[in-house]
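I am opening a new notebook on this structure. I will look things up one at a time and write down what I find.

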Amino acid sequence: MGLLDGKVLLVTGATAGIGRAVAIGAAKAGADVAINYLDGEGAAASVVAAIEAEGRRGVAIQGDVADRATATSFVDGAVAALGRVDVLVSNAGICPFHAFLDMPAETFERTMRVNLHGAYYMVQAAANRMVEQGQGGAIVAVSSISALVGGEFQTHYTPTKAGVHSLMQSAAIALGRYNIRCNSVLPGTILTDINKQDLSDPEKRAYMEKRVPLGRLGQPEDLVGPITFLASDMARYVTGAALLVDGGAYVNLQ
Ligand code: NAD
Ligand code: RM4
């Protein structure tokens with residue numbers, strides 16, 4: 001028996017990194033899975049193939065989460081293909097590392113639109129569908145350790161992650177009466193494309209590794225267990241919570 005047996009789970013930004021690992025992990029846990037992707041049809045098809053290899057149904061639906069219409073088209077497309085929506089994992093995000101004083105306005109505004117507006121509209125669309133279904137649901141947002149701490153080259157990014165964390169807190173209140181649970185995960189440094197360039201500096205990488213009590217940077221698969229748990233009925237009394245998944249980095253001051 002899988003923790004997500006019989007559920008339909010939606011993940012945004014699932015062609016790579018954390019989203020991809022979570023989509024495939026959810027299928028292993030028994031869910032049918034709809035993925036949203038921005039580009040890369042081949043990568044999207046390979047995630048669907050991996051979901052199907054687990055004996056589950058999978059569908060990939062293209063859309064830029066920064067575009068408000070993507071939220072409804074993703075939810076409608078997932079319902080058309082898989083019948084319902086039980087879980088949303090709002091994961092799509094970008095972090096184009098850049099200094100503060102000369103941050104291009106377009107970089108700041110694109111980061112806000114993808115990470116915060118995108119999450120907001122996606123959560124709203126999924127929640128409306130869950131309310132219509134009348135059987136509750138679970139929403140997990142991929143926030144970040146960056147909701148709690150700053151980053152010199154992330155002044156455009158950390159506010160979006162604090163915003164996503166806060167969105168889950170308020171949505172937990174707004175949606176509790178419908179038995180829709182809203183939680184966030186706060187990953188530390190996970191090795192994915194989003195930070196490949198930043199961590200290509202060996203000094204920075206060694207520094208980041210040294211800050212992690214568990215002694216290594218994270219892998220996308222490290223998020224699968226925590227997100228699956230929050231999505232599952234095992235977490236039926238957990239809402240408005242935030243779970244750090246950072247190898248202990250956040251508490252490592254001295
Ligand atoms: P990644 O670059 O591997 O994956 C990001 C995914 O989002 C990609 O599939 C990308 O195509 C997709 N995406 C980007 N813009 C999109 C858009 N406009 N519409 C739809 N999809 C879009 O990086 P990742 O590390 O897997 O990032 C996933 C999430 O995890 C992000 O929200 C990120 O902020 C968060 N996060 C990552 C880390 C880390 O260290 N890697 C730490 C904390 C939080
Ligand atoms: C995370 C955290 C990581 C960074 C990614 C891009 O929120 O700050 O250290 O690599 O974002």
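**Entry 1: F229 and its surroundings**

I began with F229. I set aside its neighbours within four places in sequence and found F229 in contact with M234 and A235. I note here that I am working from a predicted model.

Where does F229 lie? I find F229 in helix 7.

L4 and F229 are 225 residues apart along the chain. Their C-alpha atoms are separated by 8.9 Å.

**Entry 2: Helix 7**

Next I took the whole helix. Helix 7 covers residues 224-231. How many of its 8 residues are buried? I get 6, so helix 7 is largely enclosed by the rest of the structure. I list the buried ones as V224, P226, I227, T228, L230 and A231.

**Entry 3: Salt bridges**

I turned to charged pairs. How many salt bridges does the structure hold? The count is 11. I followed up some of them.

K7 pairs with D233 in a salt bridge, and the closest N and O atoms are 3.0 Å apart. K7 sits in the segment before strand 1, and D233 sits in the loop between helix 7 and strand 7, so this pair ties together parts that are 226 residues apart in sequence. Is K7 buried or exposed? K7 counts as buried, at 16% relative accessibility. The cut-off I need here is that buried means under 20%.

E54 forms a salt bridge with K28, with 3.1 Å between the closest N and O atoms. This pair links distant parts of the chain, 26 residues apart. I place E54 in the loop between helix 2 (41-53) and strand 3 (58-62), and K28 in helix 1. E54 is partly exposed, with a relative accessible area of 33%. K28 counts as exposed, at 56% relative accessibility.

E209 and R205 form another salt bridge, their closest N and O atoms being 3.2 Å apart. Both are in helix 6 (residues 202-210), and being 4 residues apart they are separated by about one helical turn. I recall that an α-helix has 3.6 residues a turn, so residues three or four places apart point the same way. E209 counts as partly exposed at 30% relative accessibility. R205 counts as partly exposed too, at 31%.

I also found a network of salt bridges that links D32, R56 and R57.

**Entry 4: Ligand 1**

I moved on to the ligands. How many residues are around ligand 1? I count 29, and D64, N91, Y157, I190 and T192 come nearest. Helix 1 and helix 4 (105-133) each supply at least two residues of this shell. By class, the shell has 12 nonpolar, 13 polar and 4 charged residues.

I then checked atom distances. The side chain of T15 has an N or O atom 3.0 Å from an oxygen atom of ligand 1. A nitrogen atom of ligand 1 lies 3.0 Å from a backbone N or O atom of V65. A polar backbone atom of N91 is 2.7 Å from an oxygen atom of ligand 1. How much of ligand 1 does the protein cover? On its own, ligand 1 has 820 Å² of accessible area, and the protein covers 93% of that.

**Entry 5: Ligand 2**

Last, I looked up ligand 2. Which residues are around ligand 2? I list C95, F97, S144, S146, Q154, Y157, G188, T189, I194, N195 and M208. They divide into 5 nonpolar, 6 polar and no charged residues.

S146 has a side-chain N or O atom 2.9 Å from an oxygen atom of ligand 2. For Y157, the corresponding distance to an oxygen atom of ligand 2 is 3.0 Å. For N195, I again read 3.0 Å from a side-chain N or O atom to an oxygen atom of ligand 2. The protein covers 91% of the 290 Å² of accessible area that ligand 2 has on its own.

Note on methods
Residues numbered from 1 in each chain as written. Chains lettered and ligands numbered in written order. Predicted model: local features only at pLDDT ≥ 70, side-chain atom pairs only at ≥ 80, totals over all residues. Heavy atoms only, no water. Near = heavy atom within 4 Å. Polar contact = N/O pair within 3.5 Å; in protein donor to acceptor, adjacent residues only side chain to side chain. Areas by Shrake-Rupley, 256 points an atom, 1.4 Å probe, with all protein chains shown as cover. Nonpolar A, V, L, I, M, F, W, Y, C, P; charged D, E, K, R; others polar. Buried < 20%, exposed > 50% of the residue type's maximum accessible area, 1.4 Å probe, protein only. Salt bridge = Lys/Arg side-chain N within 4 Å of Asp/Glu carboxyl O. Contact = heavy atoms within 4.5 Å.
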